[in-house]
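Subject: Structure handover

Hello,

Here is the structure we talked about. Please open it and keep it beside you while you read my notes.

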Amino acid sequence: MEPARSAARLSFGVVILAAGASSRMGKPKLLLPWGETSVLGHLLRQWEKLSAKQIAVVHAASDQPLCAELDRLGFPAGDRIANPQPDRGMFSSVQCAARWSDWNSALTHWVIVLGDQPHLRIETLRALLDLTATRPRSICQPSRQDRARHPVVLSKAVFEDLKISRDDTLRQFLQQVGAQPALCEMDDPGLDFDMDTPADYERALRLSHGRSE
């Protein structure tokens with residue numbers, strides 16, 4: 001099945017989680033250089049290329065440097081979601097996105113994207129969208145060595161359930177849903193780690209070096 005055609009059958013939104021403190025990195029991860037742009041700029045370009053119908057960035061309400069980068073990138077103010085309590089963790093940002101009222105009403109799926117995985121192969125993401133097109137009611141994730149990884153794709157029904165969830169983490173929420181996720185096994189070493197430390201950043205740059213995305 002051709003990836004572009006599979007993705008074209010989906011009307012999907014993307015949630016980029018960008019409210020983390022980057023404490024282990026020592027500087028804002030999403031503002032680090034990546035190719036000719038920043039990590040954040042790369043993620044936005046990547047999902048635009050994959051035909052996302054709408055992209056929203058969840059950021060800490062007080063994060064002026066990240067907002068300035070969004071301004072520089074020309075990212076619409078209307079697609080920014082401020083998390084007033086980012087210290088509550090990643091799941092608080094996911095729920096902020098689920099409770100946001102400005103999503104395009106035509107969307108059927110949402111991709112929950114970690115802000116610190118710019119090193120994933122675009123082929124991995126296309127394969128994930130392919131899987132979602134064939135399993136539209138399932139929670140879909142890439143996997144490596146039979147372990148589920150990020151990003152996570154949720155149907156509209158599951159995404160809306162996030163609004164009222166009392167779980168502490170996304171993992172707990174997904175377990176509470178009960179259904180086994182549909183997994184797409186990929187030989188992508190980028191799935192093995194998030195970009196949390198300076199050493200991770202250097203590893204991610206080496207991994208992505210030479211790719212055309």
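In which loop does Ser51 lie? Ser51 is in the loop between H2 and E4. Bear in mind that this is a predicted model.

Start with Ser51 itself. Its phi is near 70°, a positive value in a residue other than glycine. Most residues other than glycine have a negative phi, and most peptide bonds are trans. Ser51 counts as partly exposed, because its relative accessibility is 47%.

Asp146 also has a positive phi, near 65°, and is not a glycine. Look for Asp146 in the loop between strand E7 (140-144) and E8. Asp146 is exposed, because its relative accessible area is 69% and the cut-off is over 50%.

Now step back to the whole chain. There are eight helices and 10 strands. A compact globule of 213 residues would have a radius of gyration near 17 Å; the chain has 16 Å, so the two agree. The C-alpha atoms fill a box of roughly 40 × 40 × 30 Å along the principal axes. Of the 213 residues, 53% count as buried. Take the contacts between residues at least 6 apart in sequence: 72% of them join residues at least 24 apart.

The surface and charges come next. The accessible surface is about 10600 Å², and 46% of it belongs to carbon and sulfur atoms. The chain has 26 positive and 26 negative charges. Their mean positions are 2 Å apart.

- Helix H2 covers residues 39-49, and eight of its 11 residues are buried. Among them are Leu40, Leu43, Leu44 and Trp47.
- Helix H4 covers residues 90-99, and eight of its 10 residues are buried. Phe91, Val94, Cys96 and Ala98 are among them. The buried residues of H4 pack against several elements, including strand E1 (12-17), strand E5 (80-83) and helix H7 (170-177).

Then the nonpolar cores. In soluble globular proteins, nonpolar side chains tend to be buried together. The largest nonpolar core here has 41 residues. Val14, Ile16, Trp47 and Val57 have the most contacts inside it. Elements that give two or more residues to this core include E1, H2, E4 and helix H5 (122-134). The largest share of this core, seven residues, comes from H5. Apart from this core lies another, of 25 residues, among them Val58, Ala97, Trp103 and Leu170.

Zoom in on Val14. Which residues does Val14 touch, not counting those up to four places away in sequence? They are Trp47, Ala52, Gln54, Ile55, Ala56, Trp103, Val111 and Val113.

Last stop: the loop between strand E8 (147-148) and strand E9 (152-155), where Arg149 is found. Is Arg149 buried or exposed? Arg149 is buried, because its relative accessible area is 12% and the cut-off is under 20%. Leaving aside neighbours within four places in sequence, Arg149 is in contact with Gln141, Pro142, Ser143, Arg144, Leu191 and Asp192. Arg149 and Leu183 are 34 residues apart in sequence, and their C-alpha atoms are 8.9 Å apart in space.

Pro151 lies in the loop between E8 and E9 too. The peptide bond from His150 to Pro151 is cis, with omega near 5°.

Best wishes

Terms used. Residues are numbered from 1 along each chain as its sequence is written. This is a predicted model: local features need pLDDT of at least 70, side-chain atom pairs count only at pLDDT 80 or more; totals for chains, interfaces and linings use all residues. Side-chain values use heavy atoms; hydrogens and water are left out. Helices (H or I, at least four residues) and strands (E, at least two) are DSSP runs, numbered from the N terminus. The radius of gyration is taken over C-alpha atoms; the globule rule is 2.2 Å times the number of residues to the power 0.38. Buried means under 20% relative accessible area, exposed over 50%, partly exposed in between (1.4 Å probe, protein chains only). Contact means heavy atoms within 4.5 Å. Accessible areas come from the Shrake-Rupley method with a 1.4 Å probe; for residues, only the protein chains shown count as cover. Lys and Arg count as positive and Asp and Glu as negative; His and the chain ends are not counted. The place of a charge is taken as NZ of Lys, CZ of Arg, CG of Asp or CD of Glu. A nonpolar core is a set of buried Ala, Val, Leu, Ile, Met, Phe, Trp, Tyr and Cys residues joined through side-chain atoms within 4.5 Å.
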